[in-house]
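Q: Hi! Could you walk me through this structure when you have a minute?

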Amino acid sequence: MIFYELFLRSFYDSNGDGIGDFKGLEEKLDYFKELGVDTIWLLPIMKSPAFHGYTISSFYETNPVYGELKDLKSALRKGHEMGLKFVLDLPINHVAVNSEWFQKALEDKEPYKNWFTWANEKTNLSEKRHWGDDYIWHEIGDKYFYGLFGPGSPDLNFENKELWEEMKKVFKFWLDAGFDGFRLDAAKHIFDYDAKKMVFKYQHDKNINFWKEMLDYVYSVKKDAIIVSEVWDDQKIVEKYEGVFDIGFNFPLSGDMKDSIKKEDTKKFVKSLKNNFSKYIDKENDVETKSGNFLTNHDMQRLISEYEENEDKTKFAYSILFTLPGKPFIFYGEELGLRGELVSVNYTEDSQEPFQWYEIGFGPGQTEWKGYKFNPPYSKVSYEHQKNNSNSMFNHIKSLINFRKENNWIDDASISIISQNESIVKIKINKDSHSIIAIYNFKSSKSLLNVNKNKIIKCYGIYREKSDLIEINGFTTLILKE
Ligand code: ACG
């Protein structure tokens, strides 16, 4: 199973308004088949005043700029016929200020006023969230509401059980629309304000209890629903959620992988495998919550920008990603090496620029909802430019995806760290009768290896024979039969 994180707004525009839409998605489903990914994680597509869609004004309506529910259903139906699956990003921790729920709450209407958390005279209104410098209480009229993600998104108060029932309806609505599962946004935040002590505090046990009830319900509607969770935190917190979700994003490994490649530091990578990937090391049992492996997402800087345009490093990072057990995820446009820097986690537009179909920057379906800042025309990041160029990022990723699909046993494999030195990390990846060895060169310089050339299955990068030895270029990955 290979996931592709898709921002619809930036994908394919069917009606010429510059914004990607459901009909555009339907028209371009063959792109996913060509690339080889099979499960599309759709960033929020519900009605929302925000470009990113994470503040929802109605949980039961599509964003009209993307089209009508029937257009979405049609795209999902056709995708299913082609063997694709779709996972919906569902942010239920908060709503938009302009939502009917919040507007009615402001008018003190039942039951809505109890669906939010309001300050009283004892509230510490200058409390800030623990990352960044943002306040968590926001003034509106003569009230203050709790909104961890900012003044545009009041948190729902899940102390109120009515909301649990309402959310089950939301899950059912989107399963009925044709989705195969969900990406659960901000999963550790459902209960993150301690109403008794009146301070911000994660209550992981309560979150787990909540999610278990929601997921029991989801599985009762669709028994093979795919559930991906976002718990962005250290490993010791992530571990608390083990077994609750099918797949959990591995933020700690992702950060360390990127950093170790940036700094050409094998120690950091191996240490992170041991700390954040231990469930796959010499494993004997099935892993309960599969590791969602990724390098970037919509909250982050684009990888090639992180690596200051170093394409070899970028390609190398993906070679590692697609050889590790767990479920690989790729953020749209990374397969073209789209650039994008992150100003702040509160302002993510610049890493979500339009997918570039044409080198000239325009043509049928090209989205234009935002001006190009990092990917102007003729910057060689278009699909058109890359699709027939065997050295392109697109063909590199496509070939990795193909390798992974031919070896889908890797998803549930076990790994052993065979050796490491300053430049090279060698791991064994095996499951049942399958066994391969991956050799990663973390340095920009070449390395000489004592390996049997007849055992080489794949090389992502360059190798050559040197008498009895094999020399690999910097940032090259070699895959051998055991
Ligand atoms: C999700 C979405 C994001 C979305 C929201 C809100 C949630 O992906 O696009 O925002 O619907 C936190 C939350 C995540 C959230 C991100 C943006 N992502 O936990 O759910 O913020 C620390 C914190 C994390 C925090 C992260 C952010 O612990 O909780 O994520 O910082 O940078 C080490 C530590 C780790 C630490 C990192 C980074 O790894 O182990 O704990 O994480 O370093 O320092 C959207 C928009 C927003 C808008 C909002 C309403 O994108 O702009 O405001 O909607």
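**Starting with a tyrosine**

A: Happy to. This is a predicted model, and in it Tyr372 is partly exposed, with a relative accessible area of 26%.

Q: Which loop is Tyr372 found in?

A: Tyr372 sits in the loop between β14 (327-331) and α12 (383-386).

Q: And what is Tyr372 in contact with, leaving aside its neighbours within four places in sequence?

A: Setting those neighbours aside, Tyr372 has contacts with Glu353, Pro354, Gln356, Gly361, Gln366, Thr367 and Pro377. With Gln366 there is a polar contact of 3.0 Å between the two side chains.

Q: Let's zoom out. How is the protein chain divided?

A: Into domain 1 (3-94 + 157-409), domain 2 (100-146) and domain 3 (414-481). The centres of domain 2 and domain 3, taken over C-alpha atoms, are separated by 55 Å.

Q: What about the largest nonpolar core: which residues touch the most other members?

A: Tyr4, Phe32 and Trp211 do, in a core of 134 residues. Helix α5 (residues 161-177) contributes the most to this core, with eight residues. Apart from that core there is another one, of ten residues, including Val451, Ile470, Ile472 and Leu480.

Q: Back to Phe32, what is in contact with it beyond its neighbours within four places in sequence?

A: Phe32 meets Tyr4, Leu6, Phe11, Leu25, Val37, Ile40 and Leu84. As a general background point, nonpolar side chains tend to be buried together in soluble globular proteins.

Q: Switching to the ligand: how many residues surround it, and which are the closest?

A: There are 23 residues around the ligand, and the closest are Asp185, His189, Glu230, Asp234 and Asp299.

Q: Where do polar side-chain atoms come up against an oxygen atom of the ligand?

A: At Asp299, a polar side-chain atom is 2.6 Å from a ligand oxygen atom. The side chain of Asp185 has an N or O atom 2.7 Å from an oxygen atom of the ligand, and for the side chain of His298 that distance is 2.9 Å. The protein covers 81% of the 920 Å² of accessible area that the ligand has on its own.

Q: Is Ala186 buried or exposed?

A: Ala186 is buried, because its relative accessible area is 1% and the cut-off for buried is under 20%. Ala186 lies in the loop between β8 (181-184) and β9 (193-194). Its phi is near 50°, a positive value in a residue other than glycine.

Q: What is phi like at Glu308?

A: Glu308 also isn't a glycine, and its phi is positive, at about 45°. Glu308 is in the loop between α10 (303-306) and α11 (311-321). At 69% relative accessibility, Glu308 counts as exposed.

Q: Why does Gln235 count as buried?

A: Because its relative accessibility is 17%, and buried means under 20%. Gln235 belongs to helix α7 (residues 235-238). Neighbours within four places in sequence aside, Gln235 is in contact with Asn250, Pro252, Asn275 and Asn276.

Q: Last one: where is the cis peptide bond that has omega of about -5°?

A: That cis bond joins Glu110 and Pro111. Pro111 is in the loop between α4 (100-106) and β6 (137-140).

Technical notes. Residues numbered from 1 in each chain as written. Predicted model: local features only at pLDDT ≥ 70, side-chain atom pairs only at ≥ 80, totals over all residues. Heavy atoms only, no water. Core = buried A, V, L, I, M, F, W, Y, C linked by side-chain atoms within 4.5 Å. Buried < 20%, exposed > 50% of the residue type's maximum accessible area, 1.4 Å probe, protein only. Helix = DSSP H or I, 4+ residues; strand = E, 2+ residues; numbered from the N terminus. Contact = heavy atoms within 4.5 Å. Domains from an automatic or database assignment. Near = heavy atom within 4 Å. Polar contact = N/O pair within 3.5 Å; in protein donor to acceptor, adjacent residues only side chain to side chain. Areas by Shrake-Rupley, 256 points an atom, 1.4 Å probe, with all protein chains shown as cover.
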